[in-house]
Amino acid sequence: HHLRMARKAGVPEAQIAALALWRESPAFDARERAALALTEGVMACDVTDAVHAEAKRHFSDAEFVELSLTAAFYAMVSRMLDAMRVELDPDVREHSPRLR
């Protein structure tokens with residue numbers, strides 16, 4: 001679902017293809033890396049001091065709250081879908097690469 005939305009929003013194919021390896025990929029700039037690191041930290045319930053500081057370098061307080069809240073919301077959604085045993089749609093079940 002989000003793949004279709006990313007393409008519609010104009011996310012470059014290079015970034016879509018490199019998302020699973022965003023830390024090593026030149027497709028992402030420092031600001032995008034900060035957002036991705038914050039997102040992963042929120043999802044893992046482990047926003048380190050370094051991740052927090054880097055995100056604050058690139059984002060205003062309001063942007064930081066919005067990014068954190070969006071990641072936290074999706075963490076809740078994925079946990080609810082898992083608990084409810086909601087299956088992925090057939091056209092996205094075998095998407096590759098599988099993201100963490």
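Start with Lys56, which lies over the face of Phe64, 5.2 Å from the ring centre. Keep in mind that this is a predicted model.

Next, aromatic pairs. How many does a search of the whole structure find? The search finds one. The partners are Phe73 and Tyr74: their ring centres are 5.4 Å apart and their planes stand at 80°, so the pair is edge-to-face, the cut-off for that being over 60 degrees.

Now helix H4, residues 49-58. Which of its residues are buried? Val51, Ala55 and His58 are. They cover an arc of only 65° around the axis, so they sit on the same side of H4. As background, an α-helix has 3.6 residues a turn, so residues three or four places apart point the same way. On the other side of H4, Asp49, Ala50 and Arg57 are exposed. As for what covers the buried residues, that includes helix H3, 30-43, and helix H5, 61-83.

Last, a residue in helix H3: Arg33. Its relative accessible area is 24%, so Arg33 counts as partly exposed. Beyond its neighbours within four places in sequence, Arg33 is in contact with Trp22, Arg23, Glu24, Ser25, Pro26 and Phe28.

Note on methods:
Residues numbered from 1 in each chain as written. Predicted model: local features only at pLDDT ≥ 70, side-chain atom pairs only at ≥ 80, totals over all residues. Heavy atoms only, no water. Phe/Tyr/Trp six-rings, centres within 6.5 Å; stacked < 30°, edge-to-face > 60°. Lys NZ or Arg CZ within 6 Å of the ring centre and 35° of its normal. Buried < 20%, exposed > 50% of the residue type's maximum accessible area, 1.4 Å probe, protein only. Helix = DSSP H or I, 4+ residues; strand = E, 2+ residues; numbered from the N terminus. Arc of directions from axis to C-beta. Contact = heavy atoms within 4.5 Å.
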